[in-house]
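Please examine the sequence and the structure shown below. The briefing that follows takes up its parts by topic.

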Amino acid sequence: MLRYIIRRILWAILVLLIVVFITYMIFFLLPSGDPAVRLAGKNQTPQLLEQIRLQFGLNHPWYIQYLLFLKHAVLGDQYGWPGLGLSFISKVPLKGIIFSRIAVTAQLAVGAAIVWLLVGISVGILSALRPHTVADRSAMGIAVLAISMPVFFLGPLALYIFWFKLGWLPGTGYKPISEGIGPWFTHWILPWIVLAVLYAAFYARLSRSNLMETMSEDYIRTARAKGLTEKRVVLRHGLRAGLTPIVTVFGLDLAALLGGAIITESIFNLPGIGQLTVQAVGGQDLNTIAVITLVAAVFVVVANLIVDILYAFLDPRVRFD
Amino acid sequence: MPEPLLEVKDLRVHFPTEDGVVKAVDGLSFSMQAGETLGIVGESGSGKSVSFLTVMGLINKKSAIIEGQVLFQGQDLVQMANDELREIRGAKIAMIFQDPMTSLHPFYKVGDQISEMILAHEDISKKEAFDRSVEMLRRVNIPQPKERARQYPHEFSGGMRQRAMIAMALSLNPDLLIADEPTTALDVTVQAQILDLIDRLQSEFNTAVALITHDLGVVAEHCHHIQVMYAGKIVEEGTADDIYYRPMMPYTWGLLRSLPRLGHDTDRLTPIAGAPPSLIFLPDGCSFSPRCPYVFDECRAIEPELLPIDGHHAARCHLSLEDRERIVAQEILAPS
């Protein structure tokens, strides 16, 4: 078990190195112009450019810059640990920015995840237990509709109805929880639901088909033959086996969202990782892009690791060797 | 004659589908005495499993039309409410299935799965239930039952899993054990062990056993009575001797001819020509008539009754008894 985890962590580190390397390579191989010239602004002098290159380490070849980035990330830099350097645009240390952005995105992702798990899985279970009924068919029909509803359509629509027309909700923007539970909740509820719709629909269909397949397994027939109550057959024998695969999907979905929900954050004006990504790409802010890529990759890699370890506890057939 | 343990009267189990009504069981009547072993033989789709799943109440009543009576110790299981039926299931009628690899839940320990059944019917502590599970595993000859009870099904071999299923099925000392092709998925050597085990436990527990199989060879030495099913009906029934030495129905002949026999120097086994009939569009007359080598006009028009021959022996066939006796003597039993 321990050896397995160590091996997985080593692999994870390798994946992170490769991901950041590719980010650097793409950025420097693409014809995007000299970053120093962009940073210098209007009054450019050779001395200023030279100074900027020194300050941001742009005087080195790109692979040395990559190694320096890694060195700072691991050992820290003058702004503390982990050393994430400066933003090329705002010229402030990224460390503080990134963590406050992660906090916003995490609130969005976790809130939405709770919504879609509750709605998606319960709809899926109810549908699976009464397959081909009117309720099942309409739920699955709505799910198809929801899956085909992109956030950039649903978001503005929801804002138009609940904010502009009905005035039930206070509109866009970020309210930290320190300003009170009420304002925090009313600002978050719409982004949560809008982001969760697609996932809820997907999870409903997934849990329905998983559970239906499980309920036709031989061991469910055995459970019934034992004279267990139908409730126990479903809850203890059906759901346990039917919903376990969802853990995998959920881990990866949540991790991907923690790396930034670009469209949702843009529509609801939420200062999260996704919004930062849009700004950084627009301004060719290499360092910020590299840091965001690293953060997103860390989430995915860690989620993968957690899912795999969790699986060994959920399914006794999975063993580490 | 004492009151039978199980009496099935004119049972019909029909499944409405988009293509038509599947008549899986179509007028089935038989009875079983306490402690008796009944063999039920037939091809896939002959209705043998469905009829016993109906006895267990494991056919979804929403997807099937069930008619007739299943009297178990005098109570009609078809009319019984689900809750009452659940109390009988496992405790008085237990069932083991064809594929031991998939019949146990992969996520729970074997001992816990047995305990769960005991706890569903008896008000005892978890510890007591687990101890009884271990004791049952010991009685089905699983070595180191205490350790084995704490293992998961995937740590068991196929034969051991079937033993564990048998241990579970007998843990509440049921009056009737339904064994639905219990050895089909196992190696031949393991098959014999499992059948001997069922034999031994049957006399220890005095349980009646319904042994469902498609293999006449399996039921021969283990069953008091045998009934041969075809297209949802019994086409021949009798003692093992009746079926083996005086079979009176062409389908039974076909089954016997497709068996390898010691001492018979045959190069090839003779399969039954054709395929089992569609259970939606059953042929007129005798349902075996399209595949029967001895068919004549009457067979295609009138369905034969299950007529007694002697004692408990009965068969459905329009051929005269003399003709059938002649065919059996000349073609079926004669060494080729």
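Domain bounds here come from an automatic or database domain assignment. On that basis, chain A is divided into domain 1 (2-94) and domain 2 (97-314), and the C-alpha centres of these two domains of chain A lie 32 Å apart. This is a predicted model, in which local features need pLDDT of at least 70 and side-chain atom pairs count only at pLDDT 80 or more, while totals for chains, interfaces and linings use all residues. Residues are numbered from 1 along each chain as its sequence is written, and chains are lettered from A and ligands numbered from 1 in the order in which they are written.

**Domains of chain A**

- The contact between the domains takes 23 residues from domain 1 of chain A and 19 residues from domain 2 of chain A; two residues are in contact if their C-beta atoms, placed from the backbone, lie within 7 Å.
- On the side of domain 1 that touches domain 2, the elements of chain A giving two or more residues are α1 (2-29), α2 (35-40) and α4 (62-75). Helices (H or I, at least four residues) and strands (E, at least two) are DSSP runs, numbered from the N terminus.
- The most comes from α1(A), with 10 residues.
- By class, this side of domain 1 of chain A has 17 nonpolar, four polar and two charged residues. Ala, Val, Leu, Ile, Met, Phe, Trp, Tyr, Cys and Pro count as nonpolar, Asp, Glu, Lys and Arg as charged, and the others, Gly among them, as polar.

**A helix pair in chain A**

- Helix α5 (residues 94-129) and helix α12 (residues 273-282) of chain A pack at an angle of about 125°, with their axes 8 Å apart. Axes are lines fitted to C-alpha atoms, for helices over the stretch in contact, and angles run from 0 to 180 degrees between N-to-C directions.
- α5(A) and α12(A) are therefore oblique to each other; angles under 35 degrees count as roughly parallel, over 145 as roughly antiparallel, 65 to 115 as roughly perpendicular and the rest as oblique.
- In this pair, Arg101(A), Ile102(A) and Thr105(A) of α5(A) meet Ile273(A), Gly274(A) and Leu276(A) of α12(A).

**The sheet of chain B**

- Four strands of chain B form an open sheet in the order β2-β1-β4-β5, with antiparallel pairing; two strands pair if DSSP finds at least two bridges between them.
- β2 (20-32) and β5 (75-76) of chain B are the edge strands, each pairing on one side only.
- Strand β1 (residues 6-17) of chain B is joined to β2(B) by 10 bridges.

**Contact between the chains**

- 22 residues of chain B are in contact with 18 residues of chain A.
- α4(B) provides four residues, the largest share of the side of chain B that touches chain A.
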